[in-house]
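Biologist: I would like to learn how to read backbone angles and nonpolar cores in a model. Can you take me through them?

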Amino acid sequence: MKVHPSDDVLEGFLLSLGVEHRTLVSHLADCEACQDRLRRLPLPQDKTSSEEARLPDYEPVFERAAQNVQEQALVLVRERKQALGLFVEIMEQPAHRRESLLSDPRFHTWGVFELLIDRSWETSLKDPGYAEELVRLALQLSDRLDASRYKTELIQDLRARSWAYIGNARRLASDLGGAEEAFATAESFLGQGTKEPLEQAILLDLKASLRRSQRLFDDALRLLRRAVSTFLRHGARHQAGRSLVNMSLVHNYAGQPEESKKALVRALELLDPEQEPRLLLCARHNLIGYMAEAGQPQEALELYHDTRPLYRNFIDAWTQNRRKWVKGKIDHGLGRLAAAESLYRAARDGFLAEGIPYDTALVSLDLAILYAEQGRTAELKQLAAEMVPIFASRQIHREALAALAFFKQAVEAERASLEVVTRVATYLRQAEHDSALPFRDTETQRPKRPWDPGRTEE
């Protein structure tokens with residue numbers, strides 16, 4: 001999650017240069033030999049008249065400052081180019097040798113520091129443990145960076161972000177206490193940094209995810225509103241969109257589907273498709289699901305068709321199983337029952353093969369609702385007989401197993417009406433985010449199961 005100069009700042013810098021100077025800057029960005037020559041050149045001395053000499057002459061100071069900024073920018077460009085090769089060199093070593101390798105001065109660059117943090121963010125969903133390992137390497141490297149060269153405040157900023165990423169990785173691994181400690185450390189480092197508003201907003205967004213996992217929804221929404229406001233105020237539209245996707249999840253977990261939908265619609269206006277295409281797919285997918293669940297299958301189908309190119313870009317089973325599931329919901333709503341049944345079955349088998357029991361249970365209950373609507377008692381009994389033994393051996397909490405057992409008993413007694421099946425499905429969707437929620441046979445609204453970009457699998 002990089003925060004670079006805005007387009008307006010970069011555009012202003014380029015427009016301040018003539019064509020010849022723009023060509024020169026482009027050449028300097030790639031030519032190390034010319035960069036070294038530039039550093040050795042003496043600064044020009046302006047001749048002034050005797051009358052002008054009586055006044056303070058700030059022009060050399062401005063020139064020197066401008067040259068320092070250009071030099072630092074060129075160094076950073078070079079370091080980022082070299083960082084990938086150095087990162088590969090680190091990761092080729094066994095885990096126990098990586099820390100000792102960092103004692104080599106070749107690795108003591110901002111580019112390597114930054115890349116370790118960025119790669120941690122990219123891998124946090126699939127492997128939170130590995131993500132924390134990468135951030136810890138970055139923190140060890142930060143102790144070896146030259147503070148006079150990179151500025152202590154900037155290093156503190158990225159130390160703060162590192163600890164925020166550790167907090168997020170621990171949250172994904174369900175270590176909420178450890179996550180709380182990590183965020184406290186992040187806030188401490190941020191207080192010693194540049195006070196950059198965008199860094200503060202990143203921390204607010206990640207901390208809100210922890211509050212969501214702790215079911216402190218009001219606190220999570222308060223943090224996210226501050227993050228969105230800060231991002232928008234500083235022109236970081238994509239980051240604001242990301243926080244709105246997070247806000248949508250909080251509203252959904254809190255049982256506020258309409259507010260969740262509004263946040264998604266607003267997020268889609270801000271997200272940059274080039275920066276995080278998977279996040280864009282996540283937002284569209286969830287909105288498709290909300291439409292299908294709200295009795296708008298035709299609108300959901302239109303958005304699904306528009307989103308198919310994005311789905312094709314992610315062929316992993318995790319994404320494709322969810323695509324089949326939501327398409328099954330659309331077909332179900334449109335009365336295409338044979339197609340819906342086929343898609344529900346395909347998604348269920350896919351989740352089962354991937355070892356994702358909770359989603360397997362949820363899509364199985366969608367299939368059960370379809371059977372109950374058609375009075376297909378034999379298929380309902382077979383489905384119920386398959387479900388409970390599978391989930392009894394998996395990591396599904398006791399109350400959820402009780403709900404599935406109730407469903408099985410109702411089917412066997414031929415009391416599994418559409419209302420009963422829907423209530424069990426409703427409970428499982430709610431209990432996924434609150435394992436302490438007791439199962440009881442009460443009438444509740446049936447929320448949609450969203451796709452959480454910051455969520456690991458069971």
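This is a predicted model: local features need pLDDT of at least 70, side-chain atom pairs count only at pLDDT 80 or more; totals for chains, interfaces and linings use all residues.

Biologist: Where is Ser 174, and is it buried or exposed?

Modeller: Terms come before the case. Helices are DSSP runs of H or I, at least four residues, numbered from the N terminus. Buried means under 20% relative accessible area, exposed over 50%, partly exposed in between (1.4 Å probe, protein chains only). Ser 174 lies in the loop between α10 (152–172) and α11 (176–191). Its relative accessibility is 62%, so Ser 174 counts as exposed. Phi of Ser 174 is near 70°, a positive value in a residue other than glycine.

Biologist: What is phi of Arg 215?

Modeller: Near 65°, again positive in a residue other than glycine. Arg 215 sits in the loop between α12 (197–213) and α13 (217–233). With a relative accessible area of 30%, Arg 215 is partly exposed.

Biologist: Which residues touch the most other members of the largest nonpolar core?

Modeller: A nonpolar core is a set of buried Ala, Val, Leu, Ile, Met, Phe, Trp, Tyr and Cys residues joined through side-chain atoms within 4.5 Å. Here the largest has 82 residues, and Ile 90, Phe 113, Leu 116, Phe 231 and Ile 288 touch the most other members. Helix α16 (residues 277–293) gives the most to this core, with 10 residues. A second, separate core of 37 residues includes Phe 351 and Leu 428.

Key:
Residues are numbered from 1 along each chain as its sequence is written. Side-chain values use heavy atoms; hydrogens and water are left out. Helices (H or I, at least four residues) and strands (E, at least two) are DSSP runs, numbered from the N terminus.
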